[in-house]
Structures are given as C-alpha cells and as structure tokens.
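Visitor: I have not looked at this one before. Can you take me through the spaces inside and a few residues?

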Amino acid sequence: MSVTTDTTTTPPPPAGVKRGNAKRKFSLAQVLMIIAGALILVSAVRIITGADQLTSEGQISAALGLAVPIGLAGLAGLWSERAGVVNIGLEGMMILGTFGAGWVGWQSSPWLGLIAGVGFGVLGGLLHAIATITFGVDHIVSGVAINLLALGVTQYLAKLFFNNGEAQVKGGNPKQSPPADALPSFSIPGLSSGLESIQNHHWFLISDIAGILGGLVTEVSWVTVIAVLLFVGTWWILWKTAFGLRLRSCGENPIAAESLGVNVYSYKYAAVAVSGGLAGLGGAFLALVTSHIYLEGQTGGRGYIGLAAMIFGNWRPGGLAMGAGLFGFSDALQLRNGGTTVHALLLLLVVLLAALAGWKAYKKAMLQAAISAVVAVAILVWYLLTDDVPGDFVGATPYVVTLLVLSLSAQRLRMPKADGMRYRKGQGK
C-alpha cells in the first residue's frame, strides 16, 4: 500500500504582484504625482478657456464651506456603517441639527446653538439605533422614516416657536428662525494677501496653487477646523485603537465579535449616536456658519450626497474627504460662477474620459473603452459648439458629479461585510 502525496506548489507571483486579492496601496510619491498631474491639468484648462475663477481664492473658500457639511454627513455615515448599521436617515438628522442650532442659537450664543445641533442629531441617531438594533427594523425603512419624521417635526416646531412673540419681532416666521450671531472665522495675516497677489497674476500652475492655498487660509470658520480635527480623530480612533477595532469588527462579523467578548449592542449604539451627532453638527454648520438662521429645506439633500461621498471614499476618512471636496467644489461652481465656468469643466471632462478610454483599452475592456470615447467626443462637440451651459444643467452640476463619480468608482468598493444585516444578541454564544 502506497500513499501518494501531492507536492505541487503554487509558483510565486511575479515581482511586484501580490497574492490573492490584496489591495494595491499607493505610495506617498504616487499620491503626490497624481495631485501634481491633476493641478497641471486644471491649470491648463484654466489657461485655455480663460475661466480664471476655476481655482480662485473665492472659489476654493466657497468650496471648502460647502464641503464641510457634506463631509460631516459622510463621516456620520462612516461611523454608523463601520459598526454595521446603514444610516439613510442622515438627511433627517441634519435637519434636526439645523433646527436645534437655529432655535438655541438666536436665543443665546452660536456656540450653544452648535452644541444644540449636535444634541438634536444624537437624538435622531438614538431613535435610529433603537429601531434597527433593539427592534430589528430594516435599516432602510428606519432611515426613511427618520427623514420624514424630522421634516414634519421641524416644520411643526418652527410654526410653534418662530411665528409669534419675540421670535416673530426679530424676523422669525413659519419657515425660518430669527438670525443668530456669526461664529468667528480667521485669516492668516500676510499669507492671505500675498497668495492673493500671486493668484492675480494668472501664471500657469503657480497662480492656481496660490489660489487654492489662499482659499484654505482666508476667512476660515473655526467650525471648519473642528471638522478637520474630527476627520483626523475618526481615522485615529477607528484604525489605531482597540475601541475602533472592536467597533469595526461589529460591522464585519458581529457573531465572531460577540464570541470574543465584545458587547456588540453597546458598540453599535455608540457608533450610531456618534453618527447622529456628526450629522447634527453638519446641519448646525449650515444654520450658523453658512446662513446664520434655520431655514426650512436648507439641507438640500446634503445627507444623501454625504453618503455618496462616503461610498466614493470606500468607507475611509481620507477618500471621504476627497469626495466631499469634489462635491463641494462642483456645488460652489454652480453657485458662484454659473454656466461659463461649468462650460470650461466640459473640456476637463473630455480629457478625463479620453484618458479613461485609453486605460480601458489597455486593460482589454474594449466595450467600456468605446463607450468612454463616444461620450468624450459628444462632450467635445458640445463644448466646441457652445459658449455657455444652460442654467438647468448648471444647477444639477453637483448631482451629475455625484452620479459620475459613483459610476466610475463602483468597481473598487468594499463595504463592511455585515453592513445592514440584522443581528440579535446571543448569536455568538
């Protein structure tokens, strides 16, 4: 009797190629090269089209202000979904935050209003947690219900608190609160004016860099600084601490996490409460930094765009920040500069689509390459035959960008494995 042993071994992969489905990570040098290439491309488009507002200090400053609430909404979704709870209710939690900030802000100080906005958002998050974690309600159903409930409750409370007495005398009505004091902002003396001077020369690349940096150091709200710190803090907590590891394990495999002694319910509750607070802070930013009042409908779907930014960022803070910046930039374009600057972006889109077509052809994905090339030619014809973009399309720019980005990034995404799954306590014992 003989035993045959299979000694066949898998040959090692070629140099530079990792086994399995290991993710490719870009080095710092590669990231810097990508950023430099993007800046050169945008600068070239600015020179060719004459759209100097494309990278102006005002454009970047406006984009930063518009990106912050989107980024906070996306960060809220990241906390919740990393713990396995889908949070479609971000829009409703932002609405609660706008009302809480406007209601408390005009009666006391804007900083107390900011805290109230966070608190109202936390209440929305806890309601979502009770429904989904404790009672096992479908996450999407609960989120949609919170959006509808928040809209109805704030409309009712606005009529109750802003349409009579002192509030009405100071400018309140059923759709808005009286104005609150402005939150402080800062500029870096000397640097802001110096960068503005360089920008006004309209030099290739140098003026673009000066305009971008100028927008980041001129009239910056302190709440924006808080938002940046929250992004850094989220990365550190979720990826560098034991707490974050346990929380993320609840979103990947809650049964295994419970078997190792993790109190899954507690971590999920904590994550969704933080999610609600961050969404509320995004709403408070809109009420106290962007407009200084609560205004019905002022969230404008930013909770949903925040979710799109989170997905674009692959459930990570760095990618989320890039996505929020992109959506904020496109939103600022249509608000500040209208059809002329958006028209210049058509040329940039042509170049990107042509590059995508070349890449797909190199990868032998000929159908996708052909589609990209055809779309690029169609947009190029549109650019050459027109001098402006219709107003309706300009207003839809942020949403068109959202759809394009999600469609192009969908193939590389990996959501937490247990995201949206019902979990009952005791399954891991």
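Guide: First, a term: helices here are DSSP runs of H or I with at least four residues, numbered from the N terminus. Also, this is a predicted model.

Visitor: Which residues line the largest cavity?

Guide: Its lining is V85, T132, I133, H139, Y265, K268, M421, R422 and Y423. Two helices, α4 (residues 110-134) and α12, each give at least two residues to that lining.

Visitor: And how does the lining of the largest cavity divide into nonpolar, polar and charged?

Guide: Five of the residues are nonpolar, two are polar and two are charged.

Visitor: What about the second largest cavity, what lines that?

Guide: R46, D52, T55, S56, Q199, H202, S207 and D208 do. By class, five residues of this lining are polar and three are charged, with no nonpolar ones.

Visitor: Now pockets. How much space lies in the second largest pocket?

Guide: About 350 Å³. Its lining has 19 residues, and those nearest the centre are G65, E219, S221, F285 and V289.

Visitor: Which elements supply at least two residues each to the lining of that pocket?

Guide: Three do: α2 (57-82), β2 (220-221) and α12 (264-290). Helix α2 provides the largest share, with five residues.

Visitor: How many of the pocket's lining residues are nonpolar, polar or charged?

Guide: Nine are nonpolar, nine are polar and one is charged.

Visitor: Back to E219. Where does E219 lie?

Guide: E219 sits in the loop between α8 (206-217) and β2. E219 has a positive phi of about 50 degrees, although it is not a glycine.

Visitor: Is E219 buried or exposed, and why?

Guide: E219 has a relative accessible area of 54%, so it counts as exposed. The cut-off for exposed is over 50%.

Visitor: Which loop holds W315?

Guide: W315 is in the loop between α13 (302-312) and α14 (317-336). Phi is positive at W315 too, at about 60 degrees, and W315 is not a glycine either.

Visitor: Buried or exposed, that W315?

Guide: W315 is buried, because its relative accessible area is 6% and buried means under 20%.

Visitor: Change of topic. At what angle do the axes of α2 and α8 cross?

Guide: They cross at roughly 45 degrees and come within 7 Å.

Visitor: Is the crossing of α2 and α8 left-handed or right-handed?

Guide: The crossing is right-handed.

Visitor: Last one. Which helix is V374 in?

Guide: V374 is in α16, which covers residues 366-385. V374 has 56% relative accessibility, so it counts as exposed.

Visitor: And how far apart are the C-alpha atoms of V374 and A357?

Guide: They are separated by 9.2 Å, with the two residues 17 apart along the chain.

Methods. Residues numbered from 1 in each chain as written. Predicted model: local features only at pLDDT ≥ 70, side-chain atom pairs only at ≥ 80, totals over all residues. Heavy atoms only, no water. 1 Å grid on protein atoms, 1.4 Å probe; cavity = no way out; pocket = protein on both sides within 12 Å on 5 of 7 lines; lining within 4 Å. Points joined across faces, edges and corners; volume = space filled by probe spheres on them. Nonpolar A, V, L, I, M, F, W, Y, C, P; charged D, E, K, R; others polar. Buried < 20%, exposed > 50% of the residue type's maximum accessible area, 1.4 Å probe, protein only. Axes fitted to C-alpha atoms, helices over the stretch in contact; angles between N-to-C directions. Left-handed = near helix turned anticlockwise from the far one by under 90°.
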